[in-house]
Amino acid sequence: MIEAILRVNHLSVSFDTYAGTVRAVRDISFDLGPGETLALVGESGCGKSVTCRSVMGLLARNARVEAGEILFQGEDLLKKSNREMRAIRGGKIAMIFQDPMTSLDPTMKIGRQIAEAVTLHRKVSRGEAKRRVLELLQLVGIEEGEKRYHQYPHEFSGGQRQRIVIAIALAADPRILIADEPTTALDVTMQAQILDLMKDIQRKTGTSVIFITHDLGVVANVADRVAVMYAGRIVEIGTADEVFYDPRHPYTWGLLASMPTLATEDEKLYAIPGTPPTLIDPQPGDLFAPRNPYALEADKIAEPPLFPVSGTHFAATWLLDPRAPKIDPPEAIRRRARERGSL
Amino acid sequence: MSEAKVLIPDSAFVPAASAAAQAEPELPRALSFLEDSWRKLRKNKAAVVTLALLIIITTLAFLAPVLAPFDPNEQHLAHKNLPPKWPGVSLNGLNGTSEFRGRRIDAYALAKVQEDQYYLLGTDEFGRDLLSRCLWGTRISLTIAFIAAVLDLTIGISYGLFSAMKGGRVDNAMQRALEILSGIPSLVLVVLMLLVFQPGIASIILAMVISSWIPMARVVRAEALKTKQMEYVQAARALGASEVKIALGHILPNISGIVIVRAMFSIPSAIFFETFLSFLGVGMRIPNASIGTLLNGGYKVFRLYPYQMFIPAAILCVIMLSFNLFADGLRDVFDPKMKE
Amino acid sequence: MNRWIPYIAKRLFYMALTLFIIITATFFLMNFLPGTPFNNQDRLSASQLEMLNKKYGFDQPLFSRYLNYLGNILHGDFGISLQFSDQKITTLLGQRMGPSIQLGLQAVLFGTVVGVFLGMIAAMHQNRGLDVFCSLFAITGRSVPNFVVAVLLQYLFAITLKWLPIGLWDEGFRSTILPTLALSISPMAESCRFIRTEMVEVLSSDYIELARAKGMSEIRIAFSHGLRNALIPLITVLGPMTVSLMTGSLVVENIFAVPGIGEQFTKSILSNDYYTIMAVTILFSALLVTVIFLTDILYQLIDPRVRVEGQA
């Protein structure tokens, strides 16, 4: 296996709130290869954003990293000083945010906002910085860069603004790009364009991408590997093919079944019953059990570990224990696998 | 992983009993508006402390007729300008001595005051007891402020609600009128009004209210316009509720939080106006004591007898600070937009 | 540019209307004042009184006096002071503008600079020690009236420590220090609170998070993105703040014996000097409406967002 560029080991993050300690991320491990795209999938509040913010060193003030390490090119980011983290942030690891309408400073010309990202990480003259900005604008597909350079964010559409945010992220040729639901706030045609742009950029620059989303439809388009998160844990991780066509965790089944496909004609879309648990003093056992129609008595006793399915595929469910009863995935999932087989 | 296997008995690998149908957690009893507000307010330490202070000050001030050791207006020229003296305290400043040409002298002995006679806060240039005057003065200042606040509230709510409910041309005209009125600096307006009216408590209140209801009316109108768009108001209208009923029954209760907060802020501003006017010499007329006239009197002699200035100044500061801090606390509770 | 013309014309019309109403109202109000401006009235004989009334035009019918007054104001003539019998009010107030404007500007400048700085510190240390300190400072500044501050400063620095002059306007800049400090308390408190609230909101916005993700330091974020966005709305309160500061200087000017408009106003009130009172009222009102108008225009010029909404 190629040496991973980013390796997260047993990361746990908690938040101190008035209501109590929220255990937002609980013992997460994954790695990211060079040029690879890893999708983090899950409902809101499952800890996917917190994981990425820990990587960026941008956790809120009341957050606490309880355990674990985040190795970037072999060095633990959690041990870096503020100053060292600033050089990495934007320089080596860059981030794209969810809402392009609010991600840009409304009172500053966009040229300067991108130039800021360039000059923070490179010693360049004004002229060179501007040349680089124009180059970036072209790369993200914004025409008439020279004129656009002097415009304010409100003079751009949502999709264009997201392109500018991407240009800012790319300013210093980062090794890793973290995209936090970059298409959620956009309409469907824009989504496709931005996804194409990101794929295009990844091909040209060879950066690794962590793609956070709650939308499995988006994942299928971009991801090499997929990690499904629930209640602060990774419950299933594998290549995109494995997670899509041979899912093992009942939560992944639920997610996939609730995703519309061309085959779902007139039947009702499936919805996972219940709501995610609060992560303040979580009860013992598998936190998904109350919403899981396939729950076992074992789920009430302890959280299941990640059982290996293949060399690259793991799932955290007692159903994979050799002693567990044989349970067939729901019909929608089996049909999906069959359709894939017949292709 | 192997540990886990040990922990879980084989018998646990059966479908869980009614796992999916767990009982809904019992919801806590819904809190009433007041209970909820109080619960939130209690978390703000500054607000609780200042509320207690305000209760104490108000009680003391309104019990002035009972508590004041002397008649506040009784002149006793022989005992004029005596510094504070406390029984059993020998601290300079509280022991009845004052500095005169670099020497400490016993002012009480000099004025031939009886041994057991104590003026806790000293006396003024006419020998009136400052403690009694402070109690009565605070009482008057607070009365003026409370009445002014209530009037602000009434006029502001009526004007704002009416303007918002009528809408269209009426609203437009009413807003223009407000704009013109607010073109006069409020301090100047108040002073002008006071020149026209006969001096006295009523004129002070009237003069203050003339300018201070304007911001209240604006806030009420803005909030009412917002609330008017709400679904439940539309629903009430669809059900045929009258405009008056909608305004008083649906809109007013929903903007009451913000109105309370504003009213709370208008009390200290009324106190400020009263002291300002009295200090200027156009407010309360001597010999009536108010915080403003006490400050004015104290200022005239403060190079020689600074305590006559500092004591009312300190009272004023404590009252103003308490009201502002308490109002801030209330705002955090009622107007979450302002909350960080 | 064209869209400005109707907007400005409309605003100017309302300004003129506002001032007209204020002038009219004060004029008639003054005529209902109890007492007369002649403070030694009792000793004046009937013929003397008649002469005085004639001299000041009090023998004319009310309405023709009103028209006269309006006409004179249009020529910049506010009449003759009743207190200083031969002084034209325009000259009188002209002489007194200087100190008031100087004090006002110094106080606003000093107050807002310090206030903005404190507010920024408070916002950057939200809910920690420095924030509590700055907020307490701001609320104290808001609570303690400026004339109380003035007296305390005078007592401490002029009377007890003898570092600075007690009052009078005769030591150049040194004379301005204490009144400026006293007057700057409220703009300081006001802008501190304002900037803190704005900054807290700005600092939690997405574009600040993006700036952090760029690898920018907190200090640089606060100055380059935070302050920039928090300062713009401050413009809207800065103008009215300046005016209220100048009117609020009434008593402070008195305390420090500053020969300014405020002190003149106080004297006029106490001596029933109608025409001067009216002139100062009109002056202050004109100042207020003009400043509000200018800040609105300035705000639209500076904030790129408002600019576009105006176009739409």
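How many residues does the contact take from chain A and from chain C? I looked this up in a predicted model. The contact takes 26 residues from chain A and 19 residues from chain C.

**Entry 1: chain A against chain C.** I went through the side of chain A that touches chain C by element. Helix 2 (82-88), strand 6 (93-96), helix 3 (110-121) and helix 6 (158-170) of chain A each put in at least two residues. Helix 3 of chain A gives the most, with four residues. By class I noted 14 nonpolar, seven polar and five charged residues on this side of chain A.

**Entry 2: chain C against chain B.** I then turned to the other contact of chain C. Here 34 residues of chain C are in contact with 33 residues of chain B. On the chain C side, two or more residues come from each of helix 1, helix 5 (129-143), helix 6 (146-160), helix 9 (218-255), helix 10 (261-270) and helix 11. Which helix of chain C gives the most to this side? Helix 9 of chain C does, with six residues. The chain C side divides into 22 nonpolar, 11 polar and one charged.

**Entry 3: helices 1 and 11 of chain C.** I looked up how these two helices pack. Helix 1 (residues 4-31) and helix 11 (residues 274-302) of chain C have axes 10 Å apart and an angle of about 160° between them. An angle over 145 degrees counts as roughly antiparallel, so helix 1 and helix 11 of chain C are roughly antiparallel to each other. Helix 1 of chain C passes helix 11 of chain C in a right-handed crossing. Among the residues making the contact I listed Met15(C), Leu19(C), Ile22(C) and Phe27(C) from helix 1 of chain C, and Ile277(C), Ile282(C), Val289(C) and Phe293(C) from helix 11 of chain C. Arg11(C) of helix 1 of chain C also takes part. In all, this contact has 13 nonpolar, four polar and one charged residues.

**Entry 4: strand 10 of chain A.** Last, I checked strand 10 (residues 233-239) of chain A and its partners. Six of its seven residues are buried, so strand 10 of chain A is largely enclosed by the rest of the structure. Strand 9 (residues 225-230) of chain A runs antiparallel to strand 10 of chain A, joined to it by six bridges. In this pair Met229(A) stands opposite Ile234(A). The two strands form a hairpin with two residues between them, and Ala231(A) in the turn has a positive phi of about 50°. Strand 12 (residues 314-315) of chain A is also antiparallel to strand 10 of chain A, through two bridges. There I found Ile237(A) opposite Phe314(A).

How values were computed:
Residues are numbered from 1 along each chain as its sequence is written. Chains are lettered from A and ligands numbered from 1 in the order in which they are written. This is a predicted model: local features need pLDDT of at least 70, side-chain atom pairs count only at pLDDT 80 or more; totals for chains, interfaces and linings use all residues. Axes are lines fitted to C-alpha atoms, for helices over the stretch in contact, and angles run from 0 to 180 degrees between N-to-C directions. Angles under 35 degrees count as roughly parallel, over 145 as roughly antiparallel, 65 to 115 as roughly perpendicular and the rest as oblique. A crossing is left-handed if the near helix is turned anticlockwise from the far one by less than a right angle, and right-handed if clockwise. Two residues are in contact if their C-beta atoms, placed from the backbone, lie within 7 Å. Ala, Val, Leu, Ile, Met, Phe, Trp, Tyr, Cys and Pro count as nonpolar, Asp, Glu, Lys and Arg as charged, and the others, Gly among them, as polar. A residue is buried if 20 or more other C-beta atoms lie within 10 Å of its own, exposed if 12 or fewer, and partly exposed in between; C-beta atoms are placed from the backbone. Two strands pair if DSSP finds at least two bridges between them.
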